[in-house]
Amino acid sequence: MSPLTLALTYLIGLNIVTLGLFWWDKQCAIHRRWRVPESTMLTLCLVGGSFGAKTGQAMFRHKTRKEPFRTSLNAIIVLHLGVLSALVLPGFRASVVAMLHDASAALFG
């Protein structure tokens with residue numbers, strides 16, 4: 001299996017699990033049962049399940065007004081978009097590397 005196929009399989013599976021977790025947590029909220037900790041949900045988002053989380057928020061209208069969860073999820077999505085841009089767009093990657101080089105030179109002499 002190629003690395004790209006493996007990465008896509010991982011991301012698709014993780015996003016399905018995250019979407020299912022949002023559904024499960026919404027059902028638990030409706031029936032006043034034990035809930036999934038927000039830290040667990042955000043960890044799944046951070047390791048690649050952010051698309052499933054945003055889809056779950058929209059589909060199930062779940063955790064759409066809950067702060068700081070909403071802000072944390074949006075920050076994770078911005079982080080993922082930045083990493084994806086750095087991987088896909090060579091010009092963006094070069095400017096980020098140059099910026100990091102300049103910042104490290106300024107900090108460490």
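Is Ser 85 buried, exposed or partly exposed? Select Ser 85 to start. At 24% relative accessibility, Ser 85 counts as partly exposed.

Before moving on, note the ground rules. This is a predicted model, in which local features need pLDDT of at least 70, side-chain atom pairs count only at pLDDT 80 or more, and totals for chains, interfaces and linings use all residues. Residues are numbered from 1 along each chain as its sequence is written, and side-chain values use heavy atoms, with hydrogens and water left out.

**Stop 1**

Ser 85 sits in helix 3. Helices are DSSP runs of H or I with at least four residues, strands are runs of E with at least two, and both are numbered from the N terminus.

**Stop 2: the loop between helix 2 and helix 3**

Select Pro 68, which is found in the loop between helix 2 and helix 3. Look at the peptide bond from Glu 67 to Pro 68. That bond is cis, with omega near 5°.

Arg 61 lies in the loop between helix 2 and helix 3. Its phi is near 45°, a positive value in a residue other than glycine. Arg 61 is exposed, with a relative accessible area of 69%.

**Stop 3: the loop between helix 1 and helix 2**

Go to Arg 32, in the loop between helix 1 and helix 2. Phi is positive here too: near 55° for Arg 32, a residue other than glycine. Arg 32 counts as exposed, at 79% relative accessibility.

**Stop 4: helix 1 against helix 2**

Show helix 1 and helix 2 together. Their axes come within 7 Å and cross at roughly 60°. That makes helix 1 oblique to helix 2. Axes are lines fitted to C-alpha atoms, for helices over the stretch in contact, and angles run from 0 to 180 degrees between N-to-C directions. Angles under 35 degrees count as roughly parallel, over 145 as roughly antiparallel, 65 to 115 as roughly perpendicular, and the rest as oblique.

The crossing of helix 1 and helix 2 is right-handed. In that contact, the residues divide into 15 nonpolar, 10 polar and two charged.

Pick Gln 27 in helix 1. Gln 27 is partly exposed, with a relative accessible area of 21%. Then pick Phe 60. Gln 27 and Phe 60 are 33 residues apart along the chain, with 9.5 Å between their C-alpha atoms.

**Stop 5: Cys 45**

Cys 45 belongs to helix 2. At 0% relative accessibility, Cys 45 counts as buried. Cys 45 and Leu 73 stand 28 residues apart in sequence and 7.2 Å apart in space, C-alpha to C-alpha.

**Stop 6: the largest pocket**

Which residues line the largest pocket? Select Leu 4, Ala 7, Leu 8, Leu 11, Gly 48, Ser 50, Ile 77, His 80, Leu 81, Val 83, Leu 84 and Leu 87. Helix 1 (3-30), helix 2 (38-60) and helix 3 (69-88) are the elements that give two or more residues to this lining. Helix 3 gives the largest share, six residues. The lining divides into nine nonpolar, three polar and no charged residues.

The largest pocket holds about 370 Å³ of space. A pocket is an open set of points on a 1 Å grid over the protein atoms alone, with protein on both sides within 12 Å along at least five of seven lines; lining residues have an atom within 4 Å of a point.

Note on methods
1 Å grid on protein atoms, 1.4 Å probe; cavity = no way out; pocket = protein on both sides within 12 Å on 5 of 7 lines; lining within 4 Å. Points joined across faces, edges and corners; volume = space filled by probe spheres on them. Nonpolar A, V, L, I, M, F, W, Y, C, P; charged D, E, K, R; others polar. Left-handed = near helix turned anticlockwise from the far one by under 90°. Buried < 20%, exposed > 50% of the residue type's maximum accessible area, 1.4 Å probe, protein only.
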